[in-house]
Amino acid sequence: MAKRIDVSDLNVYYGAFKAVEGVTMTVEPRSVTAFIGPSGCGKSTFLRTLNRMHEVIPGGRVEGKVMLDDQDLYASGVDPVAVRRTVGMVFQRPNPFPTMSIYDNVAAGLKLNGLKGKKKLDDVVEKSLKGANLWNEVKDRLNKPGAGLSGGQQQRLCIARAIAVEPQVLLMDEPCSALDPISTLAIEDLIGELKSKYTIVIVTHNMQQAARVSDRTAFFNLAATGKPGQLVEVDDTQRIFNNPSVKATEDYISGRFG
Amino acid sequence: MATVTGVSVADEVPGPPERSPLSADGAGTRRLGDRLFGGAAQGAGILVIALVTLVGLFLLWQAVPALARNEAGFLTSREWTVSGDHPRFGIVELLWTTVVSSLIAMAIAVPVGVAVALFITQYAPRWLAKPAANLVDLLAAVPSIIYGLWGLRTFGPKYEPVQTFLQDKLGAFPLLSKTSVSGSGTVMFIGIVLAIMVLPIVTALSREVFAQTPVAHKEGALALGATRWEMIRTAVLPFGRPGVISASMLALGRALGETIAVTIIVSTLADQTVWSWSLFNGGETFASRIANNAQEFDSPQKAGAFIAAGLVLFILTFIVNAVARIVIERRKAFSE
């Protein structure tokens, strides 16, 4: 489990519009990499290219290379469905399937993978919910609707759903931006635990969060309004926050942006 | 006052004069416009309930005297003699034909309608989705007499060989056996024509709900590694389920009550015809029996017999809607 991601010279387009330009970076396995940057700088778009979710949006396409260990995600013949089973994703707003129970939400991905047998499913559901620090809160009501949980619990349910299929990489697109501080803390603790098993990439607008949870931080920015977003620098989180090598990074982090 | 700590200007200006600060100014409930609109809405609601009740009462009122004089079992007899001193009539044949033809219609229209709606909302490229949706809507606007004529003149002759083929090959099954009816005026054919008639209803309403599936749910499924069809199964279909049920019930209501298309297509059975459970039998639905005999409503007793049949149809559609409501309510906790 947990693979390295190597991105080289990646451009992302929506139709004719170039959203992100020339990203080259490496994401280390068993670590947390945070993407920070102003809104609209393409960090979420770039995140989506790591499991080909950008293709869901009409006109979405890339140029360049994304390697997952030695597998090129964009080689011809690679099925985006298979990619997404390897690279899981958690979204900004908790999105448990509303018609499903807590149990079925966690089991959804397993069933898609063809896992059968109640005992086996029970085991994985329990393990995943425990892995998402949610088991104790929901073990007595697994058959209740997932939508009845609080926002923070729903987000942890979504994380349980994502890790149930045992992905190599977990992408998180602002997973705490719709949550209160206590739920946020719970998710951040969880991220700290999950990184021992997974490669985690998290997009966040919360600078303290990036500083708290990540090992490495990538700063994205727009060269100018209307220009594509680009990667300004990526480095150890300590370094980015204390002694960044690019002035724009320091300006952004210290709030002197723009 | 203004010098006392903790008292602000607002405390001294409690809104309009001569009114304690918390008494309402009537903005929420008591202004003329609000009262008018509220009253109108309430009135409309009461009017609908009153209409349904009155229709039911009218049917009951007219039907009861005729039913009281009926000498045959109303729910079990196939006879239909409504005049004279000894009327004998029963609805079992009407009930069978109505229900079975409508069920055939649903069995065809619901899967096909849902499939068309899924194609339009989930598969079709944008340039195709819009015209296709409009075309389906247009189909819903075709008057039922046109479907009847088309079924009778164009589709019927094409369908007959299929029916003959099925009867020849599968006639051993009671539901598909040969009957005295030779042409296309059969329960099966009515069901098929009704299916085409109600298809646009199922499609249009299903399309509306499928299109509203939140992107978050669809992406949630896709991010788990769902294929398009798996995404539809995990996100779109469960989300659209109540809508599809409502659409089906609306369509079923239309199929049950459809009159003119059925009347001009179906072969009525002569008196004393031997009963057959075959789908290739003729027969009449409630609506077509009433329509075919409109000229007979010349005495309260005769009219009462037909109205009694109408009452059963009325109750039938009521039950259908009630069942649909129950099905939707039962899963409500899972649909928010």
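Predicted model: local features only at pLDDT ≥ 70, side-chain atom pairs only at ≥ 80, totals over all residues.
1. How many salt bridges are there between chain A and chain B? The count is two, where a salt bridge is a side-chain nitrogen of Lys or Arg within 4 Å of a carboxyl oxygen of Asp or Glu. One of these pairs is B:Glu219 with A:Arg48, whose closest N and O atoms are 2.4 Å apart.

2. Residues are numbered from 1 along each chain as its sequence is written, chains are lettered from A and ligands numbered from 1 in the order in which they are written, and side-chain values use heavy atoms, with hydrogens and water left out.

3. The contact between the two chains takes 27 residues from chain A and 21 residues from chain B, contact meaning heavy atoms within 4.5 Å. Together the chains bury about 2,000 Å², with 66% of this area on carbon and sulfur atoms; buried area is the accessible area (1.4 Å probe) that two parts lose on being put together, summed over both. Four residue pairs, with both residues at pLDDT 80 or more, are in polar contact between chain A and chain B. A polar contact is a pair of N or O atoms within 3.5 Å; within protein, one must be able to donate a hydrogen and the other to accept it, and residues adjacent in sequence count only if both atoms are side-chain atoms.

4. On the side of chain A that touches chain B, at least two residues each come from α2 (80-86), β6 (87-90), α3 (102-112) and α6 (151-164) of chain A. Helices (H or I, at least four residues) and strands (E, at least two) are DSSP runs, numbered from the N terminus. The residues of this side of chain A divide into 16 nonpolar, six polar and five charged, where Ala, Val, Leu, Ile, Met, Phe, Trp, Tyr, Cys and Pro count as nonpolar, Asp, Glu, Lys and Arg as charged, and the others, Gly among them, as polar.

5. Helix α3(A) deserves a separate look, since nine of its 11 residues are buried, and buried means under 20% relative accessible area, exposed over 50%, and partly exposed in between (1.4 Å probe, protein chains only). Among the buried residues of α3(A) are A:Tyr103, A:Asn105 and A:Leu110. Their cover includes α2, α4 (118-131), α5 (135-138) and α6 of chain A, together with α7 (215-223) and α8 (228-257) of chain B. After α3(A) comes A:Gly114, with a positive phi near 85°.

6. For comparison, most residues other than glycine have a negative phi, and most peptide bonds are trans. A:Asn133 sits in the loop between α4 and α5 of chain A and is partly exposed at 31% relative accessibility.

7. A:Glu166 is partly exposed at 41% relative accessibility, and its side chain meets that of A:Lys127 in a salt bridge (3.0 Å, N to O). Because A:Glu166 lies in the loop between α6 and β7 of chain A and A:Lys127 in helix α4 of chain A, the pair ties together parts that are 39 residues apart in sequence. A:Lys127 is likewise partly exposed, with a relative accessible area of 47%.

8. Chain B has 11 helices and two strands, and 42% of its 336 residues count as buried. Leaving aside neighbours within four places in sequence, B:Ser101 is in contact with B:Val187, B:Ile190, B:Gly191, B:Leu194 and B:Thr285.

9. Elsewhere in chain B, the side chains of B:Arg78 and B:Glu93 meet in a salt bridge (3.8 Å, N to O). B:Arg78 lies in the loop between α2 (32-69) and β1 (80-81) of chain B and B:Glu93 in helix α3 of chain B, so the pair ties together parts that are 15 residues apart in sequence. B:Arg78 counts as partly exposed at 31% relative accessibility, whereas B:Glu93 counts as buried at 8%.
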